[in-house]
Structure formats: structure tokens, C-alpha cells
Amino acid sequence: ADPESAKKNIISIIDRTFFDWRMTARGTRPMSGKVGILAVDEKSIAKFGRWPFPRSSYAEAFKNLKAAGVKWIGLDVFFSEPESLLLTDALQPMETILQKSVSPSGVLDPRRFAQGIEELLTTTPGDLSLAQAFKDFGNVVQAVAILSPQEGAGLDRDWSEAKATLGSSLAPMIVSKGSYPALQDDEFYPLINTKTIMGDQPTYAFINNSPDSDGLMRVAQLVEEIPLSSKDNPVQEKKFLPSMSLQLAAKYLNRQIEIQHTDVVTGISLVGADGKKIEIPLTRGDAKLLLNHYGEFADSNGKETPVKLSLADAAENKIPKDVPEILILGSTTLGIDDRRPSPVNPTANGVEHHVAAIENIIQRDFLVHPDKFIVIELFFLLVTGLLLCLLLSQSSALTSVLFLVSLHVGMELIDQKYIFGRGRIINLGLFHFQNVIIFTAMILFKFLVEEKEKRKIKGAFQHYLNPTVINQLLESPDSLKLGGEKRELTVFFSDVRGFTTISERLAPEALANLLNEYFTPMTNIVLNSGGLLDKYIGDALMAVWGAPLPMDNHADNALHASLKMLDALDVLREGWQKKNLPAIDIGCGINTGPMVIGNMGSDLRFDYTVLGDAVNLGARLEGITKEYGVRVVCSEMTRAALKGPQDFVLRELDWIKVKGKNEPVTIFEVMRFKNEQRDSAETTAELFKQGLSLYRQRDFIAAQHAMMTILQKNPHDGPAGIFLERCEYFIDNPPSENWDGVWVMKSK
């Protein structure tokens, strides 16, 4: 609807490209021979000299053409200025002027002489000869060029006289579909022939016709509204000047031009004396005819169309018997450049487009896009789009490509023969664009579906696994399915001590920043050690080693990671202390055992996680760290699974029964030390072992002494302090005879 925006619209550009392709594929076509070109060609230049030719050159040619049966001649050239006199042409008229300016007494009248010279300059013999040639021929349509305000304002001409001269050439029948006043604009500059050449009752038509944005001529402008002066009554009827092609076609067919309009031209018809109309289909919203180009065609007998008759041959009366009845005088030589390429002829001249438009009109050889085609196009888009989606979803990429190519090539062949080939236009730009987009989208979708397992793994685990582990997992994606498998793994839980108190002290934003700062290094330690970050649970962190890929030393890696977390926490605490933030401490519980690992949830959403009693025990061990005043506790199963137990100092803490369990579990503290402090840690562990043995033997006084020895060296040793309290209690309250030394945990 908007030609300007359509220049940049991708669908319009595609439509235009396929229109050109159809034109080229159809090839050149013969014309009726009723319209031809009176060519200013190389032969004419050789005969008459350089362009512009002397105006007396046309007289003999026009005389011969009239005698040969040519009915109408249109001018695609201008004679807007008087011809410059040659000295040889001026001598005789000047002598005559001089004689008429001298009185019988021999006195020269200067005023009369000057007037005669002025008349000679404005009405040269060549201009008079050309004007007479037009008058004798009779049916000549002269050219008007509508100049831009920038061009017209720079010329010193009487534009009002030029506007008035156009009156007799305007379209005579105007039908207004509503109340639409005439356009008012004083900056209207119609360039026409000189007054001498135009004659008394000239017929005019404009020859302006701009190419599309890519330089190709696809349409012909048929009428231009002639604006009235702003001084005129604004309710006057609109006035329209026909183009050269429309004017000549109307004159040749002896029909009146009828213009229907609103704000813009909505219809153009040629009306006969019997009232019957030739409706000219318009395109692009305003008085434009989509040119049904012919190109330069030659039949088997060598007859060429459009017919090109040299002006030189016309002057020498070398005119063929079947000369066209309509000729347009224009340039076809490189010396007078008027190149206007078309979709079928990259070297076409401007005059050829006038010829094509006239041929389209007088032969009713139009390209039409009926309104009902819009519905057909939309329906076709919907059906083919749905069918293409269905096919692409069920077939291979190769089959899809073959179908798409076959569909589009087949559609173009059908269009070429049965639609475009019969003068009907269906806009297939959106069809091609839609289907290519659908094809691309569906192929990409299928590719993504085929890669679904790998993408699912990478997307699901990129924040939970080390990249190396992800790459290994991508090689065996079958393990990631809804459900799980039972494997021996090591699970890890950590929790922030006193988190509720900390959260009460900090604003929500500060608390979130603190947790993010804490979780970042802890998560990196898990991933870098080959662990799987299972989830965050508030301030708690859950991780698993040995999944999703098997890992021989999963227990070792879990213990190493827990100790590294304590080192990282020390660094964080130093920074938080400087910011006056609360000190955070953590407890870690580690357990090894059989667990179910896999995707747990529903078909729509699931998590890759672990389940089982061993997992629950790991969570309980994290809570037990508070009971014993230690930071890392592991189970006897984790200790047994270690591949390098010599790397750690494990202090046996107790036999315990966690809530919900009947069987006791031996638990160990994973002691933290620097390399040079290993001996001290081992000594503490050995003393505690001795005291624990005495405790289990009911020798609570000796056990008490052992625990006090540890506390003398390290007053903050949590396990020693706990057992010291227990010994003191049992000394005063001896246990029953069936006491087995197992401590039953009352809470989770």
C-alpha cells in the first residue's frame, strides 16, 4: 500500500526479484507492430550532424511519414528554446529586415530594425519549418517535462503561460469519489516547446517516468495531477495531464480519458463513443501501470519489434510498407544517452518504455493482480505452511530439501504457464520467504532434537559439573533418563552455623550478597574436584562424588574438597571482618554407601539427584558436627572407601545411633592441619582413641584424665570437652549393665 516503505520491505524486494525472474524466464515477445520508434540513431547523426539536429531536418521526414500512413507521432524530445541561427541562415533575413527598416529617403529606423532582429531570433526559419511540419502532419503529441522546484526555479521562464497552454491536453473526464479539492502548489514547472513550435492548439503529454529504487523500469506513470495556483478556488475539480503513452493510446483508439480519484487516482479508463470502457489496471496505489515488457524480439523471418525507423530513412523516404501507425521520436544511440534498463533488457532506452505502455493499452495486454488473489495467496500460504511443517517433522533433512525445492520450482513453473503466462500476477514473495523460514526453523529444530540428549546434559550440568566431566558424559548420554540406578557414591552436606541469627542482622540484599560470595568458591571446589553439585538448600550445599560418571576415589575427593572449603572460608572471613560482616562457620557431613542416582521427578521436569538411606545419614552427620564441636565428620563407610587413607588424619569420635536408625555407626572427624602440624594432629587423635577406649570400658576416671590431657594442649578441642562432660556424668551416674557405649542422637 505504501510504495516508499515497500522499497525497503523484504517481502516486496523478494516479490520484485521473482517478478524480474519471471519476466526473464518468459523471454522476449513479439509486438503487434502498431507502435514503433522514430529513432534518432547513428544513421541520423551521420546525415544531419551532431545533436540537436537543425529543426528544418524534420519537415521532410514528417511529410513522408504522413504519406506512408503513420497516424500519430509522439515526441520524446524537447524544443524548449529557439534554435540558434547559423550565419548563413541569418544573412538573407537580416538583409530583408534592413531593407524594411530604411525609409524611401534612405534614413534607417533603429527601432524597427531592432524589432526585426528580435523577431528573427525568436522565430528562426528552423523553428518555423518545424512548426509547419507539426501543423501539416496534424496528429503530433508534444512532450512536457515536469521539473522539480530546484530545477524550475533556476530557469527564467513564464511558467504561468506554460500551465495555461496545457489546458487543452488535460484528461477530459474526471470522476471524483467524494469531495476532494484540487492540489494547490505555485511551484509547478512544466517545460514545453517554444511558442512558435507548439502552434495554436498543441496536444501535450508528460514524459517523466522514474525507475524503481534499483534502477529498473517496471511501471509507467499514466497521469500527473496539475496543481492549481494557491490563488485559485480550492474546491475546483482536480486536473490531470496524461502521460505520452496514455495520450497516444487514447488518441489512436479515438477514446476519451476518464480519471476516477479520491485523494489519489483509483482508476483510469478509455471511454469510447458508445460508452464502453477499456479499464487500465493500476498498481502501487496511484496511477501506475505495471509494464508487461516485450524486449527486443526477432521472428524467424528476421522481423524485429519494436520497429525502429531511422529519422534519416524517413527523411529519405525509405519507409517500409508495414510502418507502425504510432511512432515515438526518441534517442536510441549511445551519443544521446537515455538508457533506462528493464527486467528483460538491460540496455533499453527510455522511448522503449513508452512503446511498451502504449502496446499494453491498445492490445489490452495487461499484467493484473485481481483482488481475489489476495485471499488465494493467504490460503495458499496457510495450507503449504502447515503441510510443510507436517512433512518436515516426519521426514529426513534430504527428503525435506527435495520437497521444498520441488514445491517452489513446481509453483514457479505452474505460475509461468498458467498464471503469469496468462497475464495474472500472484505474489509469491511471501510464499517463498515463509517456506524458507519454516524449512530453516524446522531443520534447526530437528537438529536440536537429534542433539537433544547432549544439549540436555550440557544445559543441565554446566553449572553443576566440571567441563571435563560434561564432555565425558556427552559421549554416553543414555545414562540420563527418567529414573535412576543404584551405585556406591559419596555424598556431602554442608551448612552455615547460626544462619538464622545472621539473617536477622542483615538486610535481605546484604544477606543474598553474603551467600553468593560464600557459595561461589565452595561450588568451584566441588566442580574442580570432579564432584556433582546437587543443589543449594537455603544456606546448605549438597554435592555428590562418583556421579554421573564412575569415580574410583570418590571418597578421597570428597574429603579433600571439604578441607579445601575450610581453607577458602578462612580467606572469606578475613574479607568479611574488614567489612564488619558477621563471621560464618560451617559444618560438613560426609557419607559413602549405596544410593540411587538419576533423574527424579516427572516427564515435564526432573532433577538429577541422589536418594537413599546413605544420603540421609550424610545429612545427619552434618548436623552431628555441632554436637561434637568439629567441622567435618565422615562415616566409617567413607573411611573404608578411601584409596589413600594416609592423606588424612581421621579421629574416631563415637559410636552413634542417628534418629530413625537402629544400627550404630562409627563416625570420624576429618582433622584439619597444616603439613608441619600433622604430628600434633596424629598425637591428639591417638590420645583421644585411648580415652575413647577407656570410656567404652567404663573406666570413666582414666578416660577423664585422657580427655583433660588433650584439653591442656588444646582448650578448644570440642570432642575432648564433650567426653569430659560425659565422664563426669557417668562417674556420678554409672550406666546400666547392658550399656554398650553407643550414643543415641535425640535430634536430626
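## Terms and model

The axis of a helix is a line fitted to its C-alpha atoms over the stretch in contact, and an angle between two axes runs from 0 to 180 degrees between their N-to-C directions. This report applies that idea to a predicted model.

The protein has an average pLDDT of 86, and 89% of its residues score at least 70. Among the elements, helix α1 (residues 3-6) has the lowest mean pLDDT, 50, while strand β23 (residues 632-635) has the highest, 97. Where pLDDT is low, the predicted coordinates should not be read in detail.

## Helices α2 and α15

Helix α2 (residues 10-26) packs against helix α15 (residues 397-419) at an angle of about 60°, and their axes are 11 Å apart. Angles under 35 degrees count as roughly parallel and those from 65 to 115 as roughly perpendicular; α2 and α15 are therefore oblique to each other. Their crossing is right-handed.

From α2, the contact is made by Phe18, Trp21, Arg22, Ala25 and Arg26; from α15, by Glu412, Asp415 and Gln416. These residues divide into 3 nonpolar, 1 polar and 4 charged.

Strands of a sheet pair through backbone hydrogen bonds, either parallel or antiparallel. In this model, 4 strands form an open sheet with mixed pairing, in the order β4-β10-β11-β12. Its edge strands, β4 (173-176) and β12 (277-280), each pair on one side only. Neighbouring strands of the sheet are turned against each other by 25° on average, direction ignored.

Strand β11 (residues 265-271) pairs with β12 in the antiparallel sense over 4 bridges. Within this part of the sheet, serine 269 stands opposite glutamate 279 in β12.

On the α11 side, the contact is made by Met244, Ser245, Leu246, Leu248, Ala249, Tyr252 and Leu253. On the α13 side, the residues are His354, Ala357, Ile358, Ile361 and Ile362. The contact residues divide into 10 nonpolar, 2 polar and no charged.

Note on methods. Residues numbered from 1 in each chain as written. Predicted model: local features only at pLDDT ≥ 70, side-chain atom pairs only at ≥ 80, totals over all residues. Heavy atoms only, no water. Pairing = 2+ DSSP bridges. Helix = DSSP H or I, 4+ residues; strand = E, 2+ residues; numbered from the N terminus. Parallel < 35°, antiparallel > 145°, perpendicular 65-115°, else oblique. Left-handed = near helix turned anticlockwise from the far one by under 90°. Contact = heavy atoms within 4.5 Å. Nonpolar A, V, L, I, M, F, W, Y, C, P; charged D, E, K, R; others polar. pLDDT = per-residue confidence, 0-100.
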